[in-house]
Amino acid sequence: MTADIFLFWLLASVTLLSGVGVVLVSNPIYSALCLAMTMVGVSAIFATLGAYFIAGVQMIVYAGAVMVLFVMVLMLFDLKTEIATFSRGRISGAIKIAIVGLLAGLIAGTFAMTTTIAGKPETKEKAGHAAKSLGELLFTKYVFGFEALGVLLLIIAIGVVGLARSKGGTHAKH
Amino acid sequence: MNHSLLMSILILSPFVGFLINGLRYKKHNYLVAGTIATSAVFISFISAVFLVVDLVGLPPDSRRIAVTFFEWIRVANLSVDAGFVVDQISAIMILIITGVGSLIHLFSVGYMHHDKGVAKYFAYLNLFIFNMLLLVLGDNLLVMFVGWEGVGLCSYLLIGFWFTDETKAAAGMKAFVTNRVGDAAFLLGMFILFLTFGTLNFSELNALVPAAAETSWLGAITLGTLFLFVGATGKSAQIPLYIWLPDAMAGPTPVSALIHAATMVTAGVYMIVRLNPMFMMAPNTMMIIAIIGAATAVMAATIGMTQWDIKKVLAYSTVSQLGYMFLACGVGAFGAAMFHLMTHAFFKALMFLGSGSVIHAMHEEQDIRKMGALKKYLPITHFTFLLGWLAIIGIPPFSGFFSKDEILWMSFHSPLGHPVLWAAGALGATLTAFYMTRLMCLTFWGASRVPKGTHPHESPITMTIPLVVLGVLSVIGGWIGIPHIVSDFLGHLPNVWEEWLHPMIKEVPNMGPADASLEWALIATSVGLASVSALVAYHMYVRKPGSASRVADAMGPAYKIVYNKYFIDEAYFAAIINPLVKGSRALWYYVDVNFIDKCTYWAADVAKGGGALIRSLQNGNMQQYAMYIGIGLVVVLSILLMR
Amino acid sequence: MGESAFEIAINCVKLVLVFLLMVQMVPVLVWLERRGSGFIQNRFGPNRVGPLGLMQLLADAVKFLTKEEFVPKAATKLLFYAAPVFALLPGTLAFSAIPMASPLKWGEHTFLIQGYEIGVGIVFILAISSLAAYTILMAGWGSGNKFSLMGALRASAQTISYELALGLSLVGVIMMYGTFNLTEMIHAQEGAMQFQAFGFTISSSLLPNWGIFYQPLAAVLFFAATFAESNRLPFDLAEGEAELVAGFHTEYGGFKMLLFFIGEYGHMMVASGLMATFFFGGYNIPWTTTEQVYQWALGIVGSPDWASALSSAVHFAMFFAKLAAFLWIFIWVRWTLPRFRYDQLMDLGWKTMLPWALANTIITAVVVFAVSQTW
Amino acid sequence: MQSIDIFGQIGLNHYLILSALLFVTGMAGVLLRRNIIVLLMSIELMLNAVNISFIAFGKYMNQLDGQILVFFVMTIAAAEAAVGLAIAVNIFKRYKEVNIRFFEHLKG
């Protein structure tokens, strides 16, 4: 067992376990912390896959910003434990779990049936160059998507500020 | 200058004027709006003059300036170009439309100066000119139809221009609906012609007409031309569709002069003249045209004798004169019809504008019983009106004499004519002389019946200039078409008119040689009858006022019938409109409400029930929605894997 | 990761050494801070235990270790204990990625004088330091104290806000050097000032080839943002004794408190190291290149291995000098400037530094592009 | 069928199945949890799972496009999280709780 294989199994189990933790833990703050752990794990998996830059960005954006936001909001609400963690309804619950299980089986089955384990890719680019070509690709082939995302982010920023500052609404006046 | 450029200027100049005035339709400055509109039409007139000058420069047999701007429609074997053509016929029309049109625009500047919607008014007027030009310039029936509908629209808009008055709005509606009947027939005629000949182009149609006349009543040409003629009766106010024109006098007076006397109402005549080779091949149609024309001429004249509204009198006079034009068409005297169209455009526009001047002076009073002795207050109006009067009753050498005489002569002499038609025409002329004299007497002469507090005054210069110009034209307009016998008598003056139109007009076959003495006799008869009738009217209304009402009393029910316009409107209501309304009501109640609505309600109930059923799924629980997505995903993936 | 077991072992030892170096710096810094503040405020500071009060550190350590271990009743135990441990992580991990001296070539082996080399160094360091907010939040919320929670919320909001300016101010630097790699950046700053413009080579022996001369605005912004990131005055709103008792670590005492201290000083060290690396030539001796130093060392000791070791040592000393200078500036600023108000802090972050950082990015992009053209 | 050393050789399928499992875990969270914020987090989990497969595909097909897509997904995920949290904050302000059932009032 080489280091790479060991690393994969380690990261996969950490990621999966903390991912399951997100869903199963009843305290939302622990959920959020679990998710942050998952993010770090995913970032590490990216790094093992050679996507160092994306791994860093994943860390900065997800673990560093988005999840901090989640944790902050949760702490602001100060929800220690929830009254009803899971949704009601036995039948629908059973169906939902069945769906999840089936889907997992189906996807895994699909992969097992269709693709074989591919060998290691040939070239291993240096991280800096990968980032450079990433940038080139982003500003040539995907430039419209990039611009559209810029607009989207602007709109979202305005919208969120509007939502958060809304003085109107039903709860404004007491 | 380039012909297509000239043509574009000719057509688009009023349209640009319409756009400008239409976009500033809320403005009240009558001078600005009037200047824009008038100069737009005047520019159009100038280019028309240039075009006609060019046309005159061409050799007589190839006088035709055709411009095709683009291919408009091409569907299967229907191919229509946005093509416009100036030839001998449309040359006359564009000169009349733009020339008289610009005079009337000028007149409107003075007439409409106190109106709130003056920019809107001028916009409509320019749009009308634009559409009228489309109508007369179009080289095929479809372009003509566009103009035909366009002028109908403008007519509707302008009749109902003061739409806050309900009767005026209703008059507009009446004009529109009546015209629709005619337009439907026009469309049918177009369909038949297209079905038969496969083209809508005038020159192609005229070239494709068979050499032999069609005697059957159900032949394609006869039916097609008949339908076209029904369309013409709608637009040109002939029996049975004339009823809208007198009501159309609800519009502003310059509109009546332009649309309902000089230009639009002559569209039917123009259309028939344009297609004259085709009409010539359908003698049955020709006969009906002649009869309808003569009947209209007489009937409208009788009604005109009893009316008290100055504009109504003129309106019925217009209907009557249009009848003459159709009579001329019917007897194959297309040249005469065009001739009368032109002279009529001059003197009737003049008289309408004169009446507008009178109405203006009388502060919107139209009842001639409240006028009288206006001669001294309105000298210019009176004098020009006098010229118009002399022209319309056919006193030589005024223009009306030549054209009307030509029509009467042809209705007698042409193989398609008949002495009865001549007699009707002569009767109409007599009656015309009577009611026009009556109008003169009651309005300008005799004792003043002007109510106290009204101070008639002469109109401003923008209104009198057009009157003067049209007055001059009414006098001399006929001199270009002096009949042969008269010109022989005067020393071989050329009949410019006939020579001009000759290439476009199909000769009436089997035309006998003209008998000079007979023609002189007929001329003398009609002029004599008209003069006598005029003198009688003068006597009745000026010398012995009151004798007229005695005559009317003596006539008893006959007078009543005529005074009430033969109860035609009422008859239409009883025979057509009310049954139609009742039938529609029945259809509405039994078919619409009880059947179609029920069906839709039932369908709605089904949808509602189904919706209520499905709504139970849409319970707002997002996780349930997500579950549905998941189920779908599982199913799709399973199916994909099974395959 | 190295190839052979020997290198792996050396690397592991190196990691431990770097960690220890960082931790051992803390007492020295605490002493420096207290003496320095005394100097700045014209008082003595600790001077009783040992010469110049240097033994004070040991006494403090003993005190920290022997203090009573307690957990507040309302606290969430797991988070309360986890927070101080996590506080150590970001600083340590980030500091390990900073090259501290030129590589030591011994035989066929090459040892980098840093914890590990990461290709996308800047991104890695930013990513790691962005995790610092968790520590604060965990501590603040886990304490079950509303002052702690408010301090934590303030601190994490501040951290997130200034991360933007921090990251953006570095974009210009990255564009200029064309790399994420810290070692390559340091190489780019070797020797006297020399750069290519419009196809010409421009050089000046007056100035060293330091980043600060190319990116002065970025340097100022970056340095200011690191103050906010490490929650030090004038940005120590998280603690704000006057209003929040002591912020997120109100409930902490003893060794747990010490761990937070180490974390904070770790932040300072990372910031100072990065300042030195990005803008002041890293471990380079000003006006000289690594090669020159190596040649000089070769002239002294003769053997290439020892020459490499000597040059590494010299460079390490240089780096340390720069680090110390910036750490002193941190302390100096802390005892000189007053604290911002919270809204002023946010205004500064969002309305001043962020736009300037953006402007710097755009201008740098334009200039870098323009200068690379040859006319 | 040849036997494959599942544990000793890591290939594309390992990453894909890991991604699938993470995705399904996130989906379970979306389906079952009642707390809006946990729901949002589960969605983030799903997005991350997808990101893993993007990167893995990109790596094994030797293309960078996968990384670009991850970049886009991250951006959108961040935006989505921001909006979701803003809505959650508003819900919390009104009901002092962030249960998903309050969203049922929005069905109209």
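This is a predicted model: local features need pLDDT of at least 70, side-chain atom pairs count only at pLDDT 80 or more; totals for chains, interfaces and linings use all residues.
I next checked the length of H6(C), which runs over residues 146-177. At 1.5 Å a residue, its 32 residues should span 46 Å; I found the end C-alpha atoms 46 Å apart, which agrees.

**Chain C as a whole**

I counted 14 helices and 4 strands in chain C. Of its 375 residues, 45% are buried. I also looked up how far apart in sequence the contacting residues lie: among contacts between residues at least 6 apart, 74% join residues at least 24 apart.

I turned to strand E1 (residues 101-106) and strand E2 (residues 109-113) of chain C, which pair in the antiparallel sense over 4 bridges. Which residue of E2(C) is the bridge partner of C:Ala101? I identified C:Ile113 as that partner.

**Nonpolar cores**

I looked up the largest nonpolar core and found that it has 204 residues. Those with the most contacts inside it are B:Leu133, B:Ala328, B:Ala337 and B:Ala349. I followed one of these, B:Ala328, leaving aside its neighbours within four places in sequence. B:Ala328 is in contact with B:Ala333, B:Ala336, B:Ala337, B:His340, B:Ile407 and B:Met410. I then recorded a second, separate core of 187 residues, which includes A:Ala47, A:Val68, C:Phe95 and D:Ala56.

**Where chains meet**

I examined the contact between chains A and D, in which 71 residues of chain A touch 62 residues of chain D. On the chain A side, helices H1 (3-24), H2 (28-48), H3 (52-77), H4 (90-114), H5 (127-140) and H6 (143-165) each supply at least two residues. Which helix gives the largest share of this side? I found that H3(A) does, with 12 residues. By class, I listed 50 nonpolar, 17 polar and 4 charged residues on the side of chain A that touches chain D.

Finally, I looked up the contact between chains B and D, which takes 9 residues from chain B and 8 residues from chain D. On the chain B side, I recorded 3 nonpolar, 6 polar and no charged residues.

Notes
Residues are numbered from 1 along each chain as its sequence is written. Chains are lettered from A and ligands numbered from 1 in the order in which they are written. The expected span of a helix is 1.5 Å times one less than its number of residues. Two strands pair if DSSP finds at least two bridges between them. A nonpolar core is a set of buried Ala, Val, Leu, Ile, Met, Phe, Trp, Tyr and Cys residues joined through C-beta atoms within 7 Å. A residue is buried if 20 or more other C-beta atoms lie within 10 Å of its own, exposed if 12 or fewer, and partly exposed in between; C-beta atoms are placed from the backbone. Two residues are in contact if their C-beta atoms, placed from the backbone, lie within 7 Å. Ala, Val, Leu, Ile, Met, Phe, Trp, Tyr, Cys and Pro count as nonpolar, Asp, Glu, Lys and Arg as charged, and the others, Gly among them, as polar.
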